[in-house]
Amino acid sequence: RPNLMIKVPATPQGIPAIRQLIGAGINVNVTLMFSMAHYEAVAGAYIDGLRDLVAAGGDPRKVASVASFFVSRVDTAVDAQLEKLADETAAGLMGKTAVANSKIVYQRFKDLFHGPAFADLAAAGAPVQRLLWASTSTKNPAYSPTLYVDELIGPQTVSTIPPNTVETFRQSGTVANTLESDVPAAQNVLDSLARLHIDLGQVTEQLQDDGVTAFANSFTQLMETIAAKSSKF
């Protein structure tokens with residue numbers, strides 16, 4: 001169907017699939033992105049796929065894609081490492097990595113889709129691949145329940161938010177272009193992690209591996225449930 005959006009993980013195996021699907025004019029929701037490396041590979045696959053589509057005579061205006069970047073899981077994983085350090089600097093970084101990571105990725109989105117790399121496709125009417133913020137419910141009760149909503153509002157983005165978080169945001173959330181604010185501070189958070197020898201790249205690769213395993217297990221359970229129910233008829 002024209003409005004169908006296929007979910008593909010941002011794994012090394014998924015990147016060529018993304019390009020092929022976009023090149024065939026099929027909409028894609030890229031999932032399980034946690035790092036800049038994941039994002040750049042995904043954005044590149046989308047742009048290359050659009051070029052393949054145009055070369056084949058397709059219409060780039062009719063294809064759409066979102067790049068789902070996971071948020072709260074990054075803080076959960078990094079905070080666990082910060083706690084072990086029992087250091088004042090580390091304590092000051094608690095709960096800041098996920099937002100900082102997302103803000104820096106958004107700057108890269110702007111560079112790619114509002115710069116020369118996408119200019120010819122934009123002129124042909126191709127839509128940008130919007131960043132989508134996933135896993136936006138706060139896992140740590142010490143943090144604001146709308147932390148990952150308040151801090152990640154900006155143009156050409158999508159936010160997937162659980163119903164209870166939506167309701168809380170309606171009551172006390174802040175509406176502002178927060179993605180564009182304090183970008184140098186966001187970069188400083190990431191630089192500080194490196195100085196503490198916390199390897200964000202390693203953390204995010206593990207998160208992606210864990211996510212793929214969880215998705216695969218859920219799919220297996222789904223197919224087993226369908227098989228069990230269908231055998232009764």
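Colleague: Is Lys103 buried or exposed?

Modeller: Let's work it out together, keeping in mind that this is a predicted model. A residue counts as buried when its relative accessible area is under 20%. Lys103 has a relative accessible area of 3%, so Lys103 is buried.

Colleague: Which residue does the side chain of Lys103 meet in a salt bridge?

Modeller: A salt bridge needs a side-chain nitrogen of Lys or Arg within 4 Å of a carboxyl oxygen of Asp or Glu. Here the N to O distance is 3.6 Å. The side chain that Lys103 meets in this salt bridge belongs to Glu151.

Colleague: How many residues apart in sequence are the parts that this pair ties together?

Modeller: Lys103 lies in helix H5, while Glu151 lies in the loop between H7 and S5. Glu151 is partly exposed, with a relative accessible area of 28%. The pair of Glu151 and Lys103 ties together parts whose separation in sequence is 48 residues.

Colleague: Which residue forms a salt bridge with Arg108?

Modeller: Arg108 is in helix H5, and its partner is in helix H2 (residues 36-55), 68 residues apart. At 28% relative accessibility, Arg108 counts as partly exposed. The closest N and O atoms of the salt bridge are 2.8 Å apart, and the partner of Arg108 is Glu40.

Colleague: Where does Glu180 lie, given its salt bridge with Lys110?

Modeller: The side chains of Glu180 and Lys110 meet in a salt bridge at 2.9 Å, N to O. Lys110 lies in helix H5, and the pair ties together parts that are 70 residues apart in sequence. Glu180 is partly exposed, with a relative accessible area of 31%. As for its place, Glu180 lies in the loop between H8 and H9.

Colleague: What distance lies between the end C-alpha atoms of helix H3 (residues 72-85)?

Modeller: Start with what to expect: at 1.5 Å a residue, the 14 residues of H3 should span 20 Å. The distance in the model agrees with that, because the end C-alpha atoms of H3 are separated by 21 Å.

Colleague: Which residues of H3 are buried, and what covers them?

Modeller: The buried residues of H3 are Ser72, Val74, Asp75, Val78, Asp79 and Leu82. Their cover includes strand S3 (65-70), helix H4 (88-92), helix H5 (97-113), helix H7 (147-150), H9 and H10.

Colleague: Which residue stands opposite Trp133 in S5?

Modeller: Picture strand S4 (residues 130-134), where 4 of the 5 residues are buried. S4 runs parallel to S3, joined by 5 bridges, and Val66 stands opposite Arg130 in S4. S4 also runs parallel to strand S5 (residues 157-159), joined by 3 bridges. In S5, the residue opposite Trp133 is Ser159.

Colleague: What is the phi of Leu32 near?

Modeller: Most residues other than glycine have a negative phi. Leu32, in strand S2 (residues 27-33), is buried with a relative accessible area of 0%. Leu32 is not glycine, but its phi is positive, near 60°.

Colleague: Is Asp182, which also has a positive phi, buried or exposed?

Modeller: Asp182 has a phi of about 55° although it is not a glycine. Its place is in the loop between helix H8 (163-172) and helix H9 (183-195). With a relative accessible area of 55%, Asp182 is exposed.

Colleague: Which residues make the nonpolar surface patch of about 390 Å²?

Modeller: One member, Met223, is in helix H10 (residues 200-230). At 41% relative accessibility, Met223 counts as partly exposed. The residues that make the patch are Phe219, Leu222, Met223 and Ile226.

Definitions and conventions:
Residues are numbered from 1 along each chain as its sequence is written. This is a predicted model: local features need pLDDT of at least 70, side-chain atom pairs count only at pLDDT 80 or more; totals for chains, interfaces and linings use all residues. Side-chain values use heavy atoms; hydrogens and water are left out. Patches are made of residues with over 30% relative accessible area and no salt bridge: like charges are joined within 9 Å, nonpolar side chains (Val, Leu, Ile, Met, Phe, Trp, Tyr) within 5 Å. Accessible areas come from the Shrake-Rupley method with a 1.4 Å probe; for residues, only the protein chains shown count as cover. Helices (H or I, at least four residues) and strands (E, at least two) are DSSP runs, numbered from the N terminus. Buried means under 20% relative accessible area, exposed over 50%, partly exposed in between (1.4 Å probe, protein chains only). The expected span of a helix is 1.5 Å times one less than its number of residues. Contact means heavy atoms within 4.5 Å. Two strands pair if DSSP finds at least two bridges between them.
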